[in-house]
Amino acid sequence: MKIAILGTRGIPNNYGGFEQCAEYLSVGLVKKGHDVTIYSPHFHPYNRPVYKGVKIIKKLSPEGILGNSAANFFYDYLCFKDAARKDFEIILELGLITSALSIIFCNHRGKIVATNLDGLEWKRAKWSSLIQRLTKKLEKYGVKYSDYLIADNLAIQDYIDKEYNAKSEFIAYGTVKCLPPDERSLNIYGIKKRGDYFLSIARLEPENNLEMMFDAYIQSKSDTPYYVIGNHITNYGDYLKDKYRNKGIIFLGGIFNKKHLDDIRYYSKFYLHGHSVGGTNPALLEAMAAQTLIIAHENRFNKTVLGQDAFYFSSTNDLKKLFMKDLISDKKIFSSNNLQKIKKVYNWKTIIDQYESYFQQILNAPKKK
């Protein structure tokens with residue numbers, strides 16, 4: 001098969017979840033004998049034409065001129081237009097919203113377009129009501145004009161079915177096995193006591209419920225430090241640092257060494273996961289793989305992944321009570337069950353096989369009119 005993967009900031013991954021998916025999926029499909037091309041923005045630091053057998057095509061992404069969001073529409077359009085003109089059999093779009101205009105208005109030229117919806121972007125709290133309405137429209141018509149849809153979360157699959165009466169293929173997101181933990185990683189970041197700190201790893205965005213988690217921590221009057229990993233050099237990051245200055249919450253910034261992250265997760269007292277706008281979040285899977293005890297925001301997206309093997313909160317008061325409880329007795333069984341989920345469902349070998357099988361299935365299906 002000849003496959004193009006669009007919608008990411010390129011590989012090797014130095015940004016986030018879909019980039020990690022693009023890297024593992026593309027390299028895995030190449031190892032299976034397929035011809036795979038990844039589209040990357042012009043500013044990606046990797047400048048060779050091939051990465052581990054995956055071909056790289058770079059396109060302009062004018063973030064410095066238009067800003068991140070607007071530039072992504074322009075970049076996705078250039079990528080899609082180029083891919084449609086080449087001899088790919090399948091175009092896989094990772095993420096829908098900024099690619100939606102291209103999917104709707106560009107000539108597909110007979111190419112099969114499969115779109116992984118990701119989460120419900122229109123629900124992001126940072127958007128104004130107008131932007132949320134426009135984003136919902138883009139979602140609607142992007143779904144309509146994609147040939148096939150992929151959901152990485154069963155709740156997203158259910159949403160696509162009920163909201164648009166459309167079929168989608170459930171293919172989970174993945175993570176990799178953790179290496180044996182090494183507490184020396186903690187020293188690098190000034191973490192003093194293993195097993196005696198709380199942890200969150202997230203983009204600092206309102207929909208990740210950071211303020212709810214921080215308020216609950218403060219109200220619990222805990223003297224256990226709370227470490228937050230994620231880029232805080234943003235307007236919202238500055239707001240959070242000002243609001244919670246000298247209150248036991250320590251912003252470590254972005255950390256991209258996975259071994260160090262896994263060690264920090266493993267030795268935490270528990271991991272707080274506040275994501276709420278859908279999809280299967282890579283940081284959650286990595287926390288499961290690292291066998292940490294998880295407290296997650298109560299929503300259908302998190303619950304379809306974790307099931308009964310986590311504690312949940314939906315308010316500051318809920319979480320305050322959990323901060324004040326001794327939850328360690330539940331860690332062994334919860335972490336063991338979550339690790340089994342990683343081994344059986346959320347691993348890249350299984351997911352690469354599922355993508356390959358699905359692509360072969362849709363290539364052999366009767367052409368849609």
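Predicted model: local features only at pLDDT ≥ 70, side-chain atom pairs only at ≥ 80, totals over all residues.
Visitor: Why is asparagine 338 called buried?

Guide: Buried means under 20% relative accessible area. Asparagine 338 has 1%, so asparagine 338 is buried. Its place is in helix α14, residues 331–344. Asparagine 338 and glycine 307 are 31 residues apart in sequence, yet 9.1 Å apart in space, C-alpha to C-alpha.

Visitor: Why is lysine 52 called exposed?

Guide: Exposed means over 50% relative accessible area. Lysine 52 has 57%, so lysine 52 is exposed. It lies in the loop between β3 and β4.

Visitor: What is the phi of lysine 52?

Guide: Phi of lysine 52 is near 50°, a positive value in a residue other than glycine. Most residues other than glycine have a negative phi.

Visitor: Where is asparagine 165, and what is its phi?

Guide: Asparagine 165 sits in the loop between α6 (154–164) and β8. Its phi is positive, about 50°, although it is not a glycine. The relative accessible area of asparagine 165 is 70%. The cut-off for exposed is over 50%, so a residue at this value counts as exposed.

Visitor: Which peptide bond is cis?

Guide: The bond from isoleucine 11 to proline 12 is cis, with omega near -5°. Most peptide bonds are trans. Proline 12 is placed in the loop between β1 and α1.

Visitor: What makes β1 and β2 a pair of strands?

Guide: Two strands pair if there are at least two bridges between them. β1 (residues 2–6) and β2 have four, in the parallel sense, so the two strands pair. In one of these positions, isoleucine 5 has isoleucine 38 in β2 as its bridge partner. β1, helix α1 (residues 17–31) and β2 make a right-handed β-α-β unit.

Visitor: How do you know that β2 and β4 pair?

Guide: The cut-off is at least two bridges. β2 and β4 (residues 54–59) have five, in the parallel sense, so they count as a pair. Threonine 37 has lysine 55 in β4 as its bridge partner. β2 (residues 35–41) is mostly covered, with six of its seven residues buried.

Visitor: What about β3 and β4?

Guide: Two bridges join them, and they run antiparallel. At least two are needed, so β3 and β4 pair. The bridge partner of valine 50 in β4 is lysine 55.

Visitor: Why are β3 and β8 said to stand at the edges?

Guide: The open sheet has eight strands in the order β3-β4-β2-β1-β5-β6-β7-β8, with mixed pairing. β3 (50–51) and β8 (169–170) each have a single partner strand, so one side of each is left without a neighbour in the sheet.

Visitor: How do you know that the buried residues of α9 line one face?

Guide: In helix α9 (residues 235–243), Tyr236, Gly237 and Leu240 are buried. Seen down the axis of α9, the buried residues fall within an arc of 100°, so they line one face of the helix. The face turned away from that buried side carries the exposed residues Asn235 and Asp242.

Visitor: How many cavities of 30 Å³ or more are there?

Guide: The count is one. Rolling a probe the size of a water molecule over the atoms shows where empty space is left. About 30 Å³ of space lies in the largest cavity.

Visitor: Which residues line the largest cavity?

Guide: The lining is Lys269, Phe270, Lys325, Asp326, Leu327 and Ile328. It divides into three nonpolar, no polar and three charged residues.

Key:
Residues numbered from 1 in each chain as written. Heavy atoms only, no water. Buried < 20%, exposed > 50% of the residue type's maximum accessible area, 1.4 Å probe, protein only. Right-handed = clockwise from strand over helix to strand, strands pointing away. 1 Å grid on protein atoms, 1.4 Å probe; cavity = no way out; pocket = protein on both sides within 12 Å on 5 of 7 lines; lining within 4 Å. Points joined across faces, edges and corners; volume = space filled by probe spheres on them. Nonpolar A, V, L, I, M, F, W, Y, C, P; charged D, E, K, R; others polar. Arc of directions from axis to C-beta.
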